[in-house]
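Student: I should like to go through the reasoning behind the terms used for this structure. Could we begin once it is displayed?

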Amino acid sequence: MDFGRPTLLLRNGFLSLRFDVRSVLVCIPLLVATLGVAVVSLATGDYDVTVQQVLQAFTGEAPGLARTIVMDWRLPRVLSALVFGAALGMSGGIFQSMTRNPLGSPDIIGFNTGAYTGALIVMLTLGSGYLGIAAGALAGGILTALAVYLLAFRRGSQGFRLIIVGIGISAMLAAFNHWLILQAELEAALAAAVWGAGSLNGITWEQAAPAAVVVVVVALATLAAARRMQLLEMGDDAARALGVRAEPTRLLLVILGVALTAAVTAVAGPIAFVALAAPQLARRLTRSPGITLVPAALMGAFLLVASDLAAQRLFAPIQLPVGVVTVCIGGIYLVWLLAREARKS
């Protein structure tokens with residue numbers, strides 16, 4: 001499925017990898033830009049360190065205070081922004097590919113909200129740690145996805161119907177979430193409301209490490225299913241002719257996409273619009289005929305780490321939840337996208 005585009009083929013024994021040349025040429029500078037923003041985030045704050053000290057911290061040669069600041073205080077947050085952004089970019093890519101619609105992201109069709117509902121119930125009833133909240137977020141996201149999938153199913157799940165049903169489910173769950181917060185104790189309600197804005201403030205290694213492991217495992221499984229996802233973009237009949245079982249594959253992709261979203265929501269809350277914007281921005285840069293997951297992941301990582309840097313420094317020493325920044329950026333993008341889709345129609 002290279003559609004006449006230049007490709008690079010690497011073969012080593014039984015392993016064969018095919019790379020789109022333009023995608024590689026886009027991913028390399030995007031990766032460099034993402035790492036550059038990450039280094040700036042590690043170097044700046046209430047106590048500035050030099051870029052040289054940041055690099056020395058990774059080799060153990062930095063002064064004691066600089067190493068503590070970089071490795072213990074700032075690196076968990078920056079690593080979380082990179083990993084979570086990549087997860088959201090891949091999740092958005094999955095659902096936009098399935099629905100064949102740029103509006104088909106977990107933000108819009110309610111899976112983020114469902115994951116937030118599950119995590120919120122666990123937080124307000126059990127007050128559990130990461131694993132409990134992650135399990136609640138995953139359960140909430142999967143149940144929401146199942147409800148949307150079943151309600152939208154009619155001789156197969158059509159993309160536009162999936163989006164419309166998802167928007168309705170999302171609205172109902174948002175109202176239910178507000179009711180849960182209003183019924184909770186004041187301290188728990190305030191904590192849940194702040195967390196619900198989507199925030200990386202105060203993330204430690206105890207939170208970042210397990211979430212990163214979960215995201216990496218699910219991302220590898222997603223990349224393994226990427227070929228079948230691309231075949232589904234050609235239509236169910238064409239995919240079946242090429243040996244892909246359409247509905248089981250689509251259900252697997254839904255579970256993987258929800259798992260990526262839930263892993264992020266369990267730590268940082270529902271971070272909006274990264275999953276919506278990243279796949280489409282990456283697609284425009286690569287000029288690919290369909291959604292490609294690796295560029296979408298890199299774009300998601302860049303958007304989130306840049307948004308988190310802005311959240312930290314725009315009104316310093318006050319730190320905003322990163323979700324506030326992504327909502328502002330994503331809102332502008334969503335208005336542009338709706339206007340563009342309206343013109344096309």
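Student: What average pLDDT does the chain have, and what percentage of the residues score at least 70?

Tutor: This is a predicted model. The chain averages a pLDDT of 84, and 92% of the residues reach a score of at least 70.

Student: Which elements of the chain have the lowest and the highest mean pLDDT?

Tutor: Strand β1 (residues 7-12) has the lowest mean, 56, whereas α13 has the highest, 94. Where pLDDT is low, the predicted coordinates should not be read in detail.

Student: Which residues make the contact of α12 with α13, and how do they divide by class?

Tutor: On the α12 side the contact includes V274, A277, L281 and L285, and on the α13 side M299, L303 and L304 are among the residues involved. By class, there are twelve nonpolar, two polar and no charged residues.

Student: What makes α3 roughly antiparallel to α11?

Tutor: The axes of α3 and helix α11 (residues 246-268) cross at roughly 150° and come within 9 Å. The term applies over 145 degrees, so α3 is roughly antiparallel to α11. Their crossing is left-handed. Among the residues that meet are F84, L88, I94 and F95 in α3, and R250, L253, L256 and L260 in α11. This contact has 15 nonpolar, three polar and one charged residues.

Student: How do you know that α8 is also described as roughly antiparallel to α11?

Tutor: For helix α8 (residues 205-224) and α11, the axes cross at roughly 170° and come within 9 Å. With the cut-off at over 145 degrees, α8 is therefore roughly antiparallel to α11. The contact involves, among others, V214, V215 and V218 of α8 and L256, L260 and V267 of α11. Its residues divide into eleven nonpolar, two polar and no charged.

Student: Why is the pair of F95 and F111 called edge-to-face?

Tutor: A search of the whole structure finds two aromatic pairs. In the pair of F95 and F111, the centres are 4.9 Å apart and the planes are at 65°.

Conventions:
Residues are numbered from 1 along each chain as its sequence is written. This is a predicted model: local features need pLDDT of at least 70, side-chain atom pairs count only at pLDDT 80 or more; totals for chains, interfaces and linings use all residues. Side-chain values use heavy atoms; hydrogens and water are left out. Contact means heavy atoms within 4.5 Å. Helices (H or I, at least four residues) and strands (E, at least two) are DSSP runs, numbered from the N terminus. Ala, Val, Leu, Ile, Met, Phe, Trp, Tyr, Cys and Pro count as nonpolar, Asp, Glu, Lys and Arg as charged, and the others, Gly among them, as polar. pLDDT is the predictor's confidence in each residue, from 0 to 100. Rings of Phe, Tyr and Trp (its six-membered ring) pair if their centres lie within 6.5 Å; planes under 30 degrees apart count as stacked, over 60 as edge-to-face and the rest as tilted. Axes are lines fitted to C-alpha atoms, for helices over the stretch in contact, and angles run from 0 to 180 degrees between N-to-C directions. Angles under 35 degrees count as roughly parallel, over 145 as roughly antiparallel, 65 to 115 as roughly perpendicular and the rest as oblique. A crossing is left-handed if the near helix is turned anticlockwise from the far one by less than a right angle, and right-handed if clockwise.
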